[in-house]
Amino acid sequence: MTAAADTSTQTAETRASWALTLPALMLFVGVLVIPLLMTVMLSFHDWGQYKGIEPVFILKNWQEIASDPYYAEMFWRTFRIALLATLITAVLGAPEAYILNRMSGRWKGIFLLLILGPLLISVVARTLGWALLFGGNNGLVNKLLMSLGLIRAPLPFMFTETGMVVALAHVMMPFMVLSVWAALQRVDPQIENAAMSLGAGAFTIIRRIILPQIMPGVLSGAIIVFSLSASAFATPAIIGGRRLKVAATLAYDEFLNTLNWPLGAAVAVLLLLALVLIVVGSNALIERRYAEVFR
Amino acid sequence: MAFLELDGVGKQFGSQTVVDDFSLAVERGEFISFLGPSGCGKTTTLQMIAGFLEPSRGAIRLEGRDLTKVHPAKRGLGIVFQSYALFPHMTAAENVAFGLEMRNVKRNERAKRVGAALAMVGLKGFEERYPRRMSGGQQQRVALARALVIQPSVLLLDEPLSNLDAKLREEMQIELRQIQRTIGTTTILVTHDQNEAMSLSDRIVVMSQGRIEQIGTPQQTYERPASAFVSQFLGKTNDFAANVDRTAQPARLVAGSWHAPAPVGVTDTVTISLRPERISFADSGLAAKIVTRIFQGNHWLFQCETECGPAIVIRQNDGSPQPGEGEAVRLDWRVEDMSLRASGGAA
Ligand SMILES: Nc1ncnc2c1ncn2[C@@H]1O[C@H](COP(=O)(O)OP(=O)(O)OP(=O)(O)O)[C@@H](O)[C@H]1O
Ligand SMILES: [Mg+2]
């Protein structure tokens with residue numbers, strides 16, 4: 001009898017918890033799952049210059065992406081740019097977070113604000129800053145360097161991969177710094193003293209003691225930066241324009257300029273799938289590698 | 001010349017003096033405890049010896065050589081931190097091996113010494129464990145092994161046992177003392193637990209607000225506390241105001257109805273300091289009334305109201321009948337069991 005009562009209270013509890021999560025669940029389904037499914041379906045529809053979108057099930061768009069090397073090159077460029085931007089944020093951001101963490105009280109606050117402040121400014125504004133500095137003959141830095149006679153022609157920045165990588169790295173830097181910073185908070189403040197007392201020099205301490213401990217932070221920061229960079233739109237759109245396209249700007253163009261929604265949907269879905277695979281895969285690798293140590 | 005010498009060492013953070021005029025001579029092989037309440041500057045003093053903090057004043061010498069000029073990495077001291085500060089990404093064996101690696105000890109030799117060190121602290125078979133997978137006591141042992149394996153000239157321990165439960169702490173105290181006796185490393189232990197300091201040390205340095213209150217053996221500091229602070233910090237104590245009656249022949253030391261021949265040199269009002277277990281019930285002496293009587297197994301605890309204020313008396317439970325609550329009694333004690341201080345301050 002008690003068992004029966006138990007199960008009935010249990011089912012009541014389960015029902016209550018379902019009921020409580022329902023609003024959030026509905027929001028999740030309504031604004032994320034349904035549009036996503038519709039996008040996936042859209043990618044299988046047909047499209048023609050004059051007939052518009054035809055709700056049929058064909059593989060035309062996917063075949064086009066698979067056969068035309070233009071798309072392979074564009075995806076390869078997207079991930080190359082994201083990877084380089086991630087590398088730069090890691091190489092600069094990890095030391096930045098470490099130095100920040102060692103600063104004393106007041107300076108720490110000021111510099112943390114300086115690093116996180118840009119997050120409050122629109123990505124568009126920050127990227128336009130780069131365009132103002134390096135944009136062709138009129139870019140401030142270009143003008144300065146040319147008037148000093150250091151360079152003849154303006155530095156190529158706009159419409160280049162280098163420009164995109166630099167601007168993306170700049171825009172994404174706060175995420176890396178925050179992630180490494182969080183990892184540093186878990187490091188025992190006496191651990192460097194412990195290593196020092198055992199005879200380790202400054203370089204050895206960083207390489208053997210600090211770096212391995214903040215590596216999970218660097219890696220999770222890298223996952224964030226990589227996925228945000230690969231799917232970034234504003235920065236590539238401003239720096240690359242219509243000439244140098246990445247997956248996000250290409251999908252945008254297909255949607256709004258060519259009006260070939262199905263093809264744009266296919267590009268977007270492929271980008272999403274690739275990112276999910278990369279993120280889930282690397283996350284699993286990281287978890288397995290560090291489970292032993294950090295659990 | 002002492003092995004380790006601290007000479008007038010002081011430390012200031014801004015305008016706040018945290019350690020002041022700290023002078024201590026430690027002999028080779030000695031076990032010293034820094035004992036004092038939280039925030040009295042124990043850790044700061046230890047960190048100055050270790051080299052993580054620079055003294056604002058004074059000198060620290062090891063075998064006559066100025067230690068403050070030596071980089072912390074080159075001092076060769078073994079340190080166990082309050083938080084253990086183990087390297088979480090290294091196994092127990094790798095943690096212990098780290099100091100040897102830094103000293104370029106050959107791989108074979110290293111493995112041998114790491115094995116021996118872990119065996120010494122009772123962690124044979126735990127070589128491949130990561131710190132997160134070990135209990136507090138086991139982590140503490142790894143930290144001890146890591147500090148000892150480099151054969152440090154001085155072992156510095158900053159409240160290494162404070163994170164352990166009472167039983168484990170007692171076990172580790174005994175083990176720590178045994179290890180220290182066996183290998184004879186000069187050791188400084190920081191603690192705010194008076195029992196720990198008493199049971200482990202050759203000498204105790206009692207500190208308060210950055211100053212040394214007393215340096216002495218456990219017995220000395222317990223039985224002959226140099227100040228009110230020391231007597232109160234090291235266990236329960238009773239303070240009675242007393243004065244000298246010079247009209248009697250010979251002069252008497254008087255506290256209420258209790259009196260005894262005045263010790264030589266005592267001429268004024270003094271404070272009598274007495275441990276509760278040294279007071280007995282007698283036919284004559286300080287008049288008192290028992291307020292509460294508490295049975296504590298092997299002893300009785302009496303809270304009394306006396307002519308000279310409240311007092312605590314502890315009597316062994318030897319089976320003899322004890323006075324009850326509300327009963328009027330007389331308290332007596334032997335002259336050699338009390339210590340005298342000039343009223344208000346240090347002796
Ligand atoms: N870096 C610092 N800056 C300013 N004040 C400090 C600093 N480090 C310690 N203090 C102060 O110095 C005093 C002594 O600190 P210390 O850590 O030596 O105490 P402690 O005796 O080890 O105490 P506990 O038993 O709590 O560990 C404290 O009042 C503390 O606030
Ligand atoms: Mg301390």
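1. Everything said here rests on a predicted model. With a relative accessible area of 41%, A:Leu22 is partly exposed.

2. The surroundings of A:Leu22 deserve a look on the structure, where a nonpolar surface patch of about 1,100 Å² includes A:Leu22 together with A:Trp18, A:Leu25, A:Met26, A:Leu27, A:Phe28, A:Val29, A:Val31, A:Leu32, A:Ile34 and A:Met38. Patches take in residues with over 30% relative accessible area, so A:Leu22, at 41%, passes that cut-off.

3. Turning to how the two chains meet, 21 residues of chain A are in contact with 25 residues of chain B. The area that chain A and chain B bury between them is about 2,200 Å², and 63% of this buried area lies on carbon and sulfur atoms.

4. How many salt bridges are there between chain A and chain B? The count is one. A salt bridge joins A:Arg208 to B:Glu101, and the closest N and O atoms of this pair are 2.8 Å apart.

5. For chain B taken by itself, a reader may wish to start from its secondary structure, which consists of eight helices and 20 strands. Along the principal axes, the C-alpha atoms of chain B fill a box of roughly 80 × 45 × 35 Å. Among contacts in chain B with a separation of 6 or more, 66% are between residues 24 or more positions apart.

6. Chain B has 347 residues, and 49% of them count as buried. Its accessible surface comes to about 15,800 Å², with 47% of that surface belonging to carbon and sulfur atoms.

7. The cysteines call for a careful reading, given that the count of disulfides over all chains is zero.

8. Is B:Cys308 buried or partly exposed? B:Cys308 is partly exposed because its relative accessible area is 22%, and buried means under 20%. B:Cys40, by comparison, counts as buried because its relative accessibility is 2%.

Key:
Residues are numbered from 1 along each chain as its sequence is written. Chains are lettered from A and ligands numbered from 1 in the order in which they are written. This is a predicted model: local features need pLDDT of at least 70, side-chain atom pairs count only at pLDDT 80 or more; totals for chains, interfaces and linings use all residues. Side-chain values use heavy atoms; hydrogens and water are left out. Patches are made of residues with over 30% relative accessible area and no salt bridge: like charges are joined within 9 Å, nonpolar side chains (Val, Leu, Ile, Met, Phe, Trp, Tyr) within 5 Å. Accessible areas come from the Shrake-Rupley method with a 1.4 Å probe; for residues, only the protein chains shown count as cover. A salt bridge is a side-chain nitrogen of Lys or Arg within 4 Å of a carboxyl oxygen of Asp or Glu. Buried means under 20% relative accessible area, exposed over 50%, partly exposed in between (1.4 Å probe, protein chains only). A disulfide is a pair of cysteine sulfur atoms within 2.5 Å. Contact means heavy atoms within 4.5 Å. Buried area is the accessible area (1.4 Å probe) that two parts lose on being put together, summed over both. Helices (H or I, at least four residues) and strands (E, at least two) are DSSP runs, numbered from the N terminus.
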